[in-house]
Amino acid sequence: MSYQIDNPTAGEYRESLQADCANCFGLCCTALHIVASSDFAIDKPAGVPCPNLQSDFRCQIHSELRGKGFKGCTVFDCFGAGQQVSQITFNGQDWRESKQVAGKMFSVFPVMVQLYEMLAYVTEALSYQVPQDLYKELTHQLQGLESLTKLDADKLLALDIMEYRMPVNELLTKTSTHIRSAITNSIPNKRKLDYRGADWIGKNAKGKDLRAADFRGAYLIAADLRDADLRAVDFIGADLRDANLEGADLSTSMFLTQMQINSAKGNKQTQLPSYLVQPSHWAS
């Protein structure tokens with residue numbers, strides 16, 4: 001089937017885009033602004049370390065985050081931007097050694113996260129069987145994004161991220177349309193496939209055949225998707241908070257991120273793409 005990974009090198013690259021907390025200076029625990037909510041037990045200004053961050057940059061309540069009101073910490077994923085900023089952009093400088101370094105590092109981190117998110121999407125797109133001209137465009141974008149991640153701090157802070165997001169989004173849309181159309185042509189009894197931005201909050205879609213549907217930017221909060229067939233579904237930007245994915249088949253879902261999966265519910269029967277990891281808080 002055409003939605004299977006065709007380029008193993010690109011597939012392996014996508015799998016490598018994961019956070020390596022051991023080589024990061026606790027940037028997600030420090031650089032980001034946190035507002036007290038059901039996901040976070042406290043308010044924390046950007047640039048101020050979380051009180052749970054230890055001197056070795058480990059979290060002192062890591063195994064108890066959800067129980068202590070820090071559910072959001074178990075959801076966040078930087079795609080590997082943290083270690084890039086810590087070890088490459090700032091050459092291993094600890095932000096605690098200099099206020100100037102700290103300020104720049106905390107400002108660069110969110111920029112790098114966005115670049116790495118785009119890298120993840122583009123490398124995934126390159127892993128599919130796509131037309132040669134589209135493959136070349138995606139490769140060009142990948143090379144451009146990689147070069148941006150190697151810029152120094154000042155140049156990274158001067159970037160207009162939207163300038164890069166727009167062409168990437170266009171190519172991802174082309175990729176999604178190409179891959180999903182190949183699937184829909186083989187599905188008997190044509191059904192609705194366009195659910196872009198749809199409000200499916202709390203919707204019961206248990207056991208539904210949703211193959212090749214477009215859920216870009218859809219609201220799937222607390223939706224019941226147990227045992228649903230979600231292969232070749234485009235999930236880019238979809239809100240999956242507390243969506244029930246127990247037993248669902250997402251093995252070839254498109255543009256699905258670890259952060260989306262971390263925010264959802266699932267179990268060992270949930271089938272995920274190879275580049276995603278089953279969250280530890282999921283049911284057995």
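**View 1. Helix 5 and helix 7 cross with their axes within 11 Å of each other.** In this predicted model, helix 5 (residues 132-149) and helix 7 (residues 161-184) cross at roughly 145 degrees, where axes are lines fitted to C-alpha atoms, for helices over the stretch in contact, and angles run from 0 to 180 degrees between N-to-C directions. Helices are DSSP runs (H or I, at least four residues) numbered from the N terminus. The crossing of helix 5 and helix 7 is left-handed, a term used if the near helix is turned anticlockwise from the far one by less than a right angle.

**View 2. Residues of helix 5 meet residues of helix 7.** Leu134, Glu137, Leu138, Gln141, Leu145 and Leu148 of helix 5 are in contact (heavy atoms within 4.5 Å) with Tyr164, Pro167, Val168, Leu171, Lys174 and Thr175 of helix 7. The residues of this contact comprise eight nonpolar, two polar and two charged, with Ala, Val, Leu, Ile, Met, Phe, Trp, Tyr, Cys and Pro counted as nonpolar, Asp, Glu, Lys and Arg as charged, and the others, Gly among them, as polar.

**View 3. Phe57 has a positive phi without being a glycine.** Its phi is near 70 degrees, and Phe57 sits in the loop between helix 1 (8-16) and helix 2 (71-75). With a relative accessible area of 16%, Phe57 is buried (under 20%; exposed is over 50% and partly exposed in between, with a 1.4 Å probe and protein chains only).

**View 4. Asn91 is a non-glycine residue with a positive phi of about 50 degrees.** Asn91 belongs to the loop between helix 3 (81-89) and helix 4 (99-126), and counts as exposed at 63% relative accessibility.

**Notes.** Residues are numbered from 1 along each chain as its sequence is written, and side-chain values use heavy atoms, with hydrogens and water left out. Local features need pLDDT of at least 70 and side-chain atom pairs count only at pLDDT 80 or more, while totals for chains, interfaces and linings use all residues.

How values were computed. Helices (H or I, at least four residues) and strands (E, at least two) are DSSP runs, numbered from the N terminus.
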